[in-house]
Amino acid sequence: RNCYFQRCRYGLYLDNSQRNILTGNICSYNGVAGFYLDFSNNCYLNNNTASNNSSIGFYLNWVSNNRLENNKSLNNGGPGFSMSKSSSNNLKFNLSANNNSQGFRNFGASNNNRLTNNISSNNQGASGNGFSVENSSNNYFAQNTADLNQTYGYYITGTSTSDTFEYNNWIGTPSGTASDDSAVYNGCGPNTSFIFRYNYWS
């Protein structure tokens with residue numbers, strides 16, 4: 001609680017560690033990731049900040065039933081929040097901004113997660129999407145905002161299917177600028193289906 005971790009390989013690394021509470025911590029200038037949860041379940045991360053790390057801000061790998069609320073991931077070299085092979089996690093009221101990749105990334109069969117009331121803003125680079133879903137299904141996105149990201153607001157690809165997007169916002173950059181983005185990219189096959197309803201594009 002309320003600790004500062006910098007210039008390590010990882011700021012805070014939980015390996016097969018359950019039911020932890022991390023609150024008010026700052027992880028900056030670390031070599032790989034600010035916060036790394038590996039095979040660690042039923043944890044609660046609240047009001048933490050990952051900034052200026054070489055790669056990922058918050059990385060969840062092979063985890064489930066974690067809650068991330070009111071965290072910030074800023075100016076990292078990779079994605080702000082990234083989930084791999086992780087299911088049934090709940091991310092809400094988090095901010096991911098100015099990272100050099102996706103704001104929020106679900107990939108590698110990260111299924112049945114809920115992302116609500118998050119903001120993904122001004123994330124840059126070739127993969128500078130607001131929210132990415134790659135080979136992951138049955139995820140729920142609601143009341144999130146993708147704002148001024150370099151590529152797409154919401155990016156879906158691979159074998160993803162049955163993801164739901166409702167009441168989300170997308171705010172694009174001015175047309176013709178270097179980071180002119182688009183609202184939604186769907187690169188999935190013809191036998192996939194998604195729910196998009198009550199979203200607002202501007």
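In which sense do strand β22 (residues 169-171) and β25 pair, and over how many bridges? The two strands pair in the parallel sense over two bridges. Within this pairing, Asn-169 stands opposite Tyr-200 in β25. Pairing requires that DSSP finds at least two bridges between two strands.

The model is predicted: local features need pLDDT of at least 70, side-chain atom pairs count only at pLDDT 80 or more, and totals for chains, interfaces and linings use all residues. Residues are numbered from 1 along each chain as its sequence is written, and side-chain values use heavy atoms, with hydrogens and water left out.

The secondary structure comprises zero helices and 25 strands. Both are DSSP runs numbered from the N terminus (helices: H or I, at least four residues; strands: E, at least two). The radius of gyration, taken over C-alpha atoms, is 16 Å. The C-alpha trace spans about 40 × 35 × 25 Å along its principal axes.

Nine strands form an open sheet with parallel pairing, in the order β1-β4-β7-β10-β13-β16-β19-β22-β25. The edges are β1 (4-6) and β25 (200-201); each has a single partner strand, so one side of each is left without a neighbour in the sheet.

Buried residues (under 20% relative accessible area, 1.4 Å probe, protein chains only) make up 52% of the 202 residues. A nonpolar core is a set of buried Ala, Val, Leu, Ile, Met, Phe, Trp, Tyr and Cys residues joined through side-chain atoms within 4.5 Å. The largest such core has 29 residues. Those with the most contacts inside it include Phe-35, Phe-58 and Leu-115. Among the elements giving two or more residues to this core are β2 (10-15), β5 (33-38), β8 (56-61) and β23 (182-188). A second, separate core of six residues includes Tyr-10, Ala-33, Ile-56 and Tyr-59. Phe-58 touches (heavy atoms within 4.5 Å) residues including Phe-35, Leu-45, Leu-68 and Phe-81, not counting residues up to four places away in sequence.

The count of disulfides (cysteine sulfur atoms within 2.5 Å) comes to zero. Cys-27 is in no disulfide; its nearest cysteine sulfur, that of Cys-8, is 8.6 Å away. Cys-27 is buried, with a relative accessible area of 0%. Cys-43 is also in no disulfide, and the nearest cysteine sulfur, that of Cys-27, is 14 Å away. Cys-43 is buried at 3%.

Technical notes
Buried < 20%, exposed > 50% of the residue type's maximum accessible area, 1.4 Å probe, protein only. Rg over C-alpha atoms; globule rule 2.2 N^0.38 Å.
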